[in-house]
Structures are given as C-alpha cells and as structure tokens.
Amino acid sequence: MNDLVSLTRQDEIAVITINNPPVNALSPGVPEGIKASVEAAQQDPAVKGIVLIGGGRTFIAGADIKEFGKITSGKGGRLSLHPVLETMENCPKPLVVAIHGTAFGGGLETAMAGHYRVAVATAQVGQPEVKLGIIPGAGGTQRLPRLAGVATAVQMCAYGDPVPAPKALEYGIVDKIVEGDLLAGAIAFCREIVAKGGPPRKTSELSGKLSDSGVYDFFFEAARSEARKKQRGIPAAQAAIDAIEAATRLPFAEGIKREAELFQQCLFSDQSKAMIHAFFGEREVAKIPGLPKEVQLYPIRRAAVLGAGTMGGGIAMNYVNAGIPVLLKERSQEDLDRGLNTIRKNYANSVKKGRFSQPVMDQRMALITPTLTYDGFDQVDIVAEAVFEGMALKKEVFAELDKVVRPDCILASNTSTLNIDEIASASSRPHMVIGHHFFSPANVMRLLEIVRGKASSNEVIATSMDLARRLKKVGVLVGNCMGFCGNRMFGPYRREAQLLAEEGAAVDAIDAALYEFGMAMGPMATGDLAGLDVGWRIRKEYKHLEIPGANYPDAEDQLCEMGRYGQKTGAGWYRYDENRKRHMDPEVDKVLEEIRKKKGIQKREIGKEEIVDRLIYALVNEGARILEEGIALRAVDIDIIYLAGYGFPAHKGGPMWYADTVGLKKVYDRVVEFHQRLGRFWEPAPLLKKLAESGGKFAEWTRTKGQEA
Ligand code: T1G
Ligand code: NAD
C-alpha cells in the first residue's frame, strides 16, 4: 500500500503488515496505509477475513510522539487516526488484530477498532499517554471501558501502566493467547470467525460492561481523589477519568468528541510538554556525542562489590537482578552479615508484595557470594566500590584492587563527591577507572551517574552506558568535579533549605512547599533519609575550600554534632517514631534559635514562593555553571539526572526545562535579587545571564567549538 504498510494474501485471508521500525509508531503514512489496505481487502471478493499485524519486534507502540511538538508549536504535525479506525470497525469482513511486543496508546486504540484481538503471551497492552501528560486521543477512553469495564479502563488510562497479555485476556481486551507463530495463529482464528459467520463485533457498539451512568457517581469521585494523591500535578489523570465518565453518560460519537476536547487541552499544557521532553530526554542521554559507534564493549559476566553498607547492598542487588553473579566483600563478618540481612529483608519484602516468587528470590540470593577476602577477584569483569566516603580509604582499596584484579577489569567507584582522577591515581590502570554513582536506595532509584575521569577510556565509558541499560538504570555521563552533576547542584539546594530554616521558615513548611511544587520529598526529610552525616563528613573533608565571608548554614553540622543523623539515628531535622513516621521536634527549634542569636539573624515570616524560588533557582544557577563547564553534555542530561535521581517532578521536566518554561529573564532577575540580598552564593552563572539577555533557552544551548570540557 505504501513503504510503511503492505497488503498480502494467504488464500482467503488478507494480511496487513506495518513496517515502521523501530516501534511501528503511527507516523504519517502508517494510518493512511492501513486504511487503504482495509479498503482494498474489503473490495476484494476473494478476501473473507483480514489480519492486521506489526512487522519487526512489536505491534504499534503508539502515535508518533515526535508529531506532538510540531502540533503544539504550530509547525504542522498531525494526528488523524479516527478515519482509519472507523474504516476498520465498519469493515463488513472480520478484522483480527495480532499483537506481539507492545500495543501502547494509539496502538491499543487501533487494536480495539478491530473486531477481535489475539496476542502472544509475552505481549503487553496499555494506554501510557498519561505518562506524556495527555490522554488517549483515538477512542481509547471510549472503547476500552466497553471491552474491559470502567474500573479497569480508569486504572489503565489514569496511571498508564502496561498490562501483560494473559491479564488482558482476563479483562476481555484480548480474545485469545496464541501459542507458537503469531501470524499463523491469527489467521487460524480469523478463519474460525469467518466460518462462524454473522456481523463483525464492533467495540463501539458493545455496552455489556457499561451499566447505567448513575451507579458510577461514587466510583468516579473516589477515582478522582485517589488520582489527585497518586498523580500529583498531572491534570491528564483527571482528564482521563472525565473522558471515561463521558463514555458512561454519552453515546459513543459524543464521547469521542468529549475525549478530543480533553485531549487537546492536555496536549497544549506545560505538563505534557515537560513530560514529552522527559520521554525523549531519557533516550537522548544514552547518546554520547563523540563516542565512536564501533567502540568495543567489555563483557560484564561476573562482578564484585566492595562494602555491603547502605549502598553496597543495593548495588549488589542490581547486578544479581540482571543475572550477574556478585562477590560481596566486607571488612568484618559482622558487617557482612548485616549487609546480607538487609538484602534478604528487601527481597522478602518484594516476595510479600508479589513482585516475584520465593524461587526467584532464592535464585538471586544464590548469585551473591559473601567474602572477607579478595579470593576470586581475579575472575571478575567489574568491581563496584562502595566503602566509606574518604579519599585515603578509597585510594587504599583501589591500590589493593590493582594487585588482585585482571588488567581488563573495570574499577567503578560509588563515591558521592570525591575526585575520580585522584582515586584512579592509586591504581596502575587509570583508563579502567570510572565513577558509577548510584542513588539511595540503590536497588530502587533509576539513576546511574557515570563519572568519566580524564583517563577513562571510551571502551570503559561505552561499557558503563550499556551496563546501565542492563541494570535497568538511566545512565547519564558527566564530568569529574566535586559532587559531579547531581550532588554539586544538590549542595546549593540543601544549603538554601538550611539557611531558610535559620532565617525563620519552619522545617515542615520548607518540606511542604517543595512537596507542593512536585518534589517527591522535601529537602529536610530527604536529608534525614540519606543520612545527614554523609554531607557532614563531606563538609569536614572540604572545609579548606570554603569561601571566606560567605554565609554557610550551621544547622545540620549542629544536628550531627548532637548525633542526629536522621532516620538511621531516630532523629535529624525531625524525630522518628517506631513506624519511622516523622514528627516536628522542639529540640531543633532550640538549635535554630541559638544559631539566630549567634549570627544576629532576626527571625522572619517566609512565604512558599520565596522558599521554592530559592531552592529551585539554586539548582538552576549551579546547573548553568555545570553546563557551561561541560560537566554535563546537554541541559537535558541535567533534567534527566534530577527526574531519575532526585525526585524532581516529571510534569515540570527537570530544573533546566522548568527554568526555560518560566523564562530565563524572569529567573535571572530573581537570582540577581537574591544576589543583592543574600550575598555571593547567588552570583548569577554567566550562561544564565547570557541566555536571559539574548532570550535564549538552556534546551537549545549547545557548546560551541573550543568550549569542550
Ligand atoms: N513515537 C515516536 N518515537 C517513538 C515512540 C513513539 N510512540 N516510541 C518509541 N519511539 C522511539 C524512541 O524515541 C527511540 O528512538 C526508539 O523509538 C526506540 O524506543 C493517539 C496520543 C515501545 C516500550 O507512550 O514506551 O498514542 O532514541 O528506546 O526501550 O491516543 O519506546 O532510537 O531515536 O524506548 O525497546 C503512546 C512510548 C504514544 C509508548 C519500546 N505510546 N514508547 O521501548 O525502545 S501517545 C507510548 C515506549 C498516543 C494516542 C496517543 C517504548 C517502548 P531513538 P526505546 P524500548
Ligand atoms: P555505609 O557506611 O552505609 O557503608 C560503607 C560500608 O563499607 C560499611 O559497611 C563498611 O564496613 C564497609 N567498608 C569499609 N571499609 C571497607 C573495606 N576496606 N573493605 C570492604 N568494606 C569496607 O556507607 P554508604 O552510605 O553505603 O556509602 C558508601 C559509598 O557510597 C560512599 O562513598 C558514599 O559517599 C557513597 N554514596 C552514598 C549514598 C547514600 O545516600 N548513602 C548515595 C550515593 C553514594
């Protein structure tokens, strides 16, 4: 029919195949090709039934998301799926859709316009549009409740998680799971339908799962309030519920109109633009400019982890979750047992929650070999080091590793802040040394900050990026400096939080302001979770680098002096009860009052806006420096680091995207105001100033020749 869609015949069954790699997105030409194929098959008297199938690794993964940007920026772009869906549904010959890989978004909507759906057991279906800040726009909110019922449709559209094919069969979305060859199975199924005869089954005419509208009132109210909690800041979740409610109240054609209105509202929203930025951003950060495509990867078949503490344990779990056996070394049996117990507890928790079975847990535990020696280290392909944060100790263990591992073994440090080049200087193979900076809890947080040392080879960098993908992490490559990218920006963010507390803002008010902004957790509670002592050790290590006369906060150092490290000691900024629930603690107010007296600070009322601006713009200002210095390759790399590692809200797109959305002139003016009022920490970054004055955007800024890192 066209380059993207082909029409063939297997005797009386027409086969329409989509070929638009890599994911058969409904790019321009695909819907048209399908429509023309159905019409041709319809007119061909020899054809009794039709099968629609995806070529390559998957069925349709959705509308072409690249078109959305064109639509919202008025640069053309189109999303016209209803004509093909109507042609499919109104086709008088049975049309069976065969699903493998993923039928997502417009892909599932296309499948539901078919009369029947068959799938292989490993297939997934879903309406993930809400993860892009939009709702299904091709009838998904109207056909899905007719196939799977209202509750399932709300769950799938308001949350966007994929549904495995066997579950989709239970829900009535899929009619049969095909064993063996999908196309053969689909054709056989189509032949059965043809043999049965009778009018094709139009999904839009199904009503069995749609009861009288009245019964839903309480249900939709409950669904909305739950989505308000779980999908904070994402209006698309509410819009999806509104559209499905329309399906229970309006005739199909009216429901489609209502869905289209809601879809348009979402598509032109800042939330959707930010979330689409995040979608493509996660794919862009995997591409390293200048890294030769043909660079050789080191095989990673066996690993070792040094230190089984807060991080080491989680890192070991990442490797065995990917099927890579691990040697887990500690300095004492007691430390080893404690680390293993934590791992066992985490896995038992996942089994209890039904994430995987006991046998899977046993398999993973069996891949961990606890040890107190370096025996076997000459067999591993990579060592992930996670011992205490201190340069002397890091260099000591890297010197030890240098003697026991193979020359082609990668040495990856999980240091939060220390200089990778200096750590590498303790070994005779600095080209094999790199930073693999996981985030706490390491088996949960998706980010892996990959820190290139000046000697790290392209092979080690490329292997690290590939390993991130295998460990189901988002790998982002950054340069080597204190705190690298994420923590270097987080320093000013948490500095401002402490200073605001010293100036009079209540601890829980600071957290509430950032939580309302969309952060997964406020800065004070985050500090307590990670351990206030981690930052304290680092500040002590770098005391000599402090800027004379700058107003550094004293609050957290005071709390640490008192042994208040946070959750791990039962008290930090908050006091924690036996259920780890946090409570405000007057002891902390006393500490802050003393600091105000010592610094001569007059306590004052501080509003939410100032709290948010000081913390978020502290991120942006430091991010601009990091970008200009080349520590981050692109602004999107910084955004993805904050989305995947620091709980920054996807519907704000990341700190740099958010600043672009606010407008850099406005951000710059606010930073200048803070500079005048709060001092040198707020000196505007040169790049922020430049772009604010030129009307530029971080997202469009690229480093010019000669500005390389
Ligand atoms: N449109 C355009 N490009 C897409 C795409 C899409 N829908 N899906 C993937 N790509 C690109 C991606 O950017 C990457 O490009 C390459 O394909 C491989 O993807 C009307 C409005 C299917 C699970 O949200 O979840 O339908 O980096 O690296 O890990 O109601 O891609 O190589 O240049 O992710 O194997 C709804 C989005 C759209 C699904 C495969 N659909 N895609 O994962 O490969 S809205 C989605 C995915 C919609 C309708 C509405 C995943 C995947 P590049 P990849 P993967
Ligand atoms: P931790 O104190 O929880 O664990 C460190 C472990 O290292 C301890 O169990 C200790 O017994 C062990 N150890 C010390 N010397 C050793 C040696 N010579 N051989 C083997 N084991 C040894 O610390 P952590 O929080 O897991 O931090 C570990 C590293 O990860 C540090 O570099 C830290 O900066 C970094 N990091 C921490 C976090 C976090 O949130 N905690 C996040 C990212 C990175």
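## Basis

The model is predicted, so local features need pLDDT of at least 70 and side-chain atom pairs count only at pLDDT 80 or more, while totals for chains, interfaces and linings use all residues. Residues are numbered from 1 along each chain as its sequence is written, chains are lettered from A and ligands numbered from 1 in the order in which they are written, and side-chain values use heavy atoms, with hydrogens and water left out.

## Ligand 1: contacts

Ligand 1 has 29 residues around it. A residue counts as near if one of its heavy atoms lies within 4 Å. The closest are Arg 57, Gly 106, Glu 109, Gly 137 and Lys 287.

Polar contacts are pairs of N or O atoms within 3.5 Å. The side chain of Arg 57 places an N or O atom 2.7 Å from an oxygen of ligand 1. Gly 106 uses a polar backbone atom, 2.7 Å from a ligand oxygen. At Ala 61, a polar backbone atom lies 2.8 Å from a ligand nitrogen. Alone, ligand 1 exposes 1,000 Å², and the protein buries 76% of that. Accessible areas come from the Shrake-Rupley method with a 1.4 Å probe.

## Ligand 1: shell

Helices (H or I, at least four residues) and strands (E, at least two) are DSSP runs numbered from the N terminus. Helix 2 (66–72), strand 5 (102–104), helix 4 (106–113) and helix 12 (270–284) each supply at least two shell residues. Helix 12 gives the most, with three.

The shell has 17 nonpolar, five polar and seven charged residues. Here Ala, Val, Leu, Ile, Met, Phe, Trp, Tyr, Cys and Pro are nonpolar; Asp, Glu, Lys and Arg are charged; the others, Gly among them, are polar.

## Second largest pocket

This pocket holds about 780 Å³ of space. A pocket is an open set of points on a 1 Å grid over the protein atoms alone, where a 1.4 Å probe fits, with protein on both sides within 12 Å along at least five of seven lines; lining residues have an atom within 4 Å of a point. The volume is the space filled by probe spheres set on the points.

Of 29 lining residues, Lys 273, His 277, Trp 657, Ala 699 and Glu 700 are closest to the centre. Helix 2, helix 12, helix 26 (635–645) and helix 27 (655–662) each give two or more. Helix 12 has the largest share, seven residues. The lining divides into 12 nonpolar, seven polar and 10 charged residues.

## Strand hairpin

Strand 1 (residues 5–10) and strand 2 (residues 13–18) run antiparallel, joined by six bridges. Pairing requires at least two DSSP bridges. Gln 10 stands opposite Ile 13. Two residues separate the strands of this hairpin, and Asp 11 in the turn has a positive phi of about 55°.

Definitions and conventions. Polar contact = N/O pair within 3.5 Å; in protein donor to acceptor, adjacent residues only side chain to side chain.
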